[in-house]
Amino acid sequence: MTQQFKSVIGGVAHHLPDNVVTNSDLEKMMETSDAWIQERTGIRERRWVDTEDKTSDLGVKAVEKLLQKVELNRNEIDLLIAGTLSPDLYFPGIGSIMQKKLNLPNVGAMDIRTQCSAFPYSLATADGLARTGVYRNIVIVGAELHSPVLDKTTRGRDVAVLFGDGAAATLVKAVPLGDNESRPTAQNTVSGVIDTLLGSDGNGAGILTIKSPGLATPGFVNHDVVEKGEYFPYMEGRTVFKHAVTRMLECSSSLLKRNNITAQDIDLLVPHQANLRINDAVADRMKIPADKVFNNIQKYGNTTAATIPLCLSEAESEGKLKKGDLVLTVAFGAGFTWGANLIRW
Ligand code: ACO
């Protein structure tokens with residue numbers, strides 16, 4: 001019989017810039033208040049890079065920490081999957097830039113462009129490839145450098161207060177299954193990635209976007225774009241909020257249902273960190289108590305592709321995520337895109 005493989009999470013690590021920017025710091029840049037930001041989003045502070053670090057550097061630092069943590073030799077990495085919406089360059093993606101900086105000769109590298117849903121999409125990709133047994137040690141990275149491209153004036157306050165810089169890296173290992181060994185399921189205690197559900201709706205593309213530079217703009221970038229500040233992120237916040245709650249609930253419920261479990265079987269819900277009120281609404285409607293939900297948006301804001309692995313990394317080091325736990329991750333982001341993973345830790 002052909003050798004079968006399952007994919008397991010071999011470790012998670014994160015890197016955050018040292019520079020803390022509090023809500024009070026933002027009050028000095030724009031008309032906003034600590035009270036508004038905390039009440040509407042849950043965010044108290046975020047990290048904004050104050051060095052020369054680019055997105056790929058943040059990602060590289062997260063991977064270096066991961067390698068140290070899991071004691072993996074870099075030569076054993078055979079694929080790099082990088083999620084970001086804030087790449088160093090228009091092209092190529094940060095995957096190949098990180099491949100060079102990490103000194104991983106000729107290792108395959110790709111970028112996943114699903115914004116805040118990068119983790120579910122990256123894990124689905126890694127899981128599929130690990131199950132073939134061709135790739136044994138796949139590193140997934142979520143890295144974002146938002147701060148340089150936020151409009152830090154009152155005009156951009158609805159978006160600028162939300163986002164933070166940071167990165168997190170996850171090792172996905174292909175583990176051979178013994179002759180009578182079961183795959184991980186929601187019913188057994190075998191560790192590994194159980195299932196993933198992904199979705200998208202391009203009707204939302206213009207609702208949360210950076211319009212320019214881009215080839216849809218005459219001249220790629222032009223004076224009009226610069227004058228209107230269209231190179232800053234644009235978001236219709238209330239619409240995004242409603243879609244986020246709806247899709248995160250829908251997607252979680254479908255994933256639980258097709259694995260024959262209910263929300264009460266979940267040990268830890270790790271939602272994307274866009275707004276604490278979104279996560280409270282999702283957890284509330286799923287009837288998952290607060291002690292089974294991991295949030296850290298209060299400290300880091302929305303680090304987009306990095307939020308879920310950053311939560312997993314912190315949850316594990318705080319003892320809130322233990323071997324054998326059944327974890328549900330769920331995200332919603334620009335595109336619109338969404339996705340959820342069911343993992344036995
Ligand atoms: N400080 C003070 N006042 C503000 C700020 C601010 N930073 N931002 C907006 N306001 C004002 C508005 O101008 C408005 O004033 P008005 O009533 O005089 O017109 C008022 O506050 C209310 O504005 P709303 O936009 O209705 O506020 P809301 O409660 O919806 O909160 C927010 C806005 C936080 C952006 C929310 O809509 C949200 O979190 N949306 C979803 C974000 C999200 O999920 N993004 C997806 C992931 S991101 C990704 O994929 C890249």
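I count two strands as paired if DSSP finds at least two bridges between them. The model is predicted.

Entry 1, the sheet. I looked up β11 and found that it pairs with β12 (residues 326-333) in the parallel sense, over four bridges. Within β12, T329 stands opposite V270. I then traced the whole sheet: four strands, open, in the order β8-β13-β12-β11, with mixed pairing. The edges are β8 (192-200) and β11 (268-271), each of which pairs on one side only. From one strand to the next I have an average twist of 10°.

The largest nonpolar core has 49 residues, and L256, M286, L328 and L342 have the most contacts inside it. I listed the elements that give two or more residues to this core: α6 (157-160), β8, α8 (237-258), α9 (276-286), β12 and β13. The most comes from α8, with eight residues. Domain 1 (5-176) and domain 2 (192-344) each supply at least three residues to this core.

Leaving aside neighbours within four places in sequence, its contacts include V193, I194, L255, L256, L326 and L328.

Last, I noted a second, separate core of 28 residues, with I81, F119, I140 and I343 among them.

Notes. Residues are numbered from 1 along each chain as its sequence is written. This is a predicted model: local features need pLDDT of at least 70, side-chain atom pairs count only at pLDDT 80 or more; totals for chains, interfaces and linings use all residues. Side-chain values use heavy atoms; hydrogens and water are left out. Axes are lines fitted to C-alpha atoms, for helices over the stretch in contact, and angles run from 0 to 180 degrees between N-to-C directions. A nonpolar core is a set of buried Ala, Val, Leu, Ile, Met, Phe, Trp, Tyr and Cys residues joined through side-chain atoms within 4.5 Å. Buried means under 20% relative accessible area, exposed over 50%, partly exposed in between (1.4 Å probe, protein chains only). Domain bounds come from an automatic or database domain assignment. Contact means heavy atoms within 4.5 Å.
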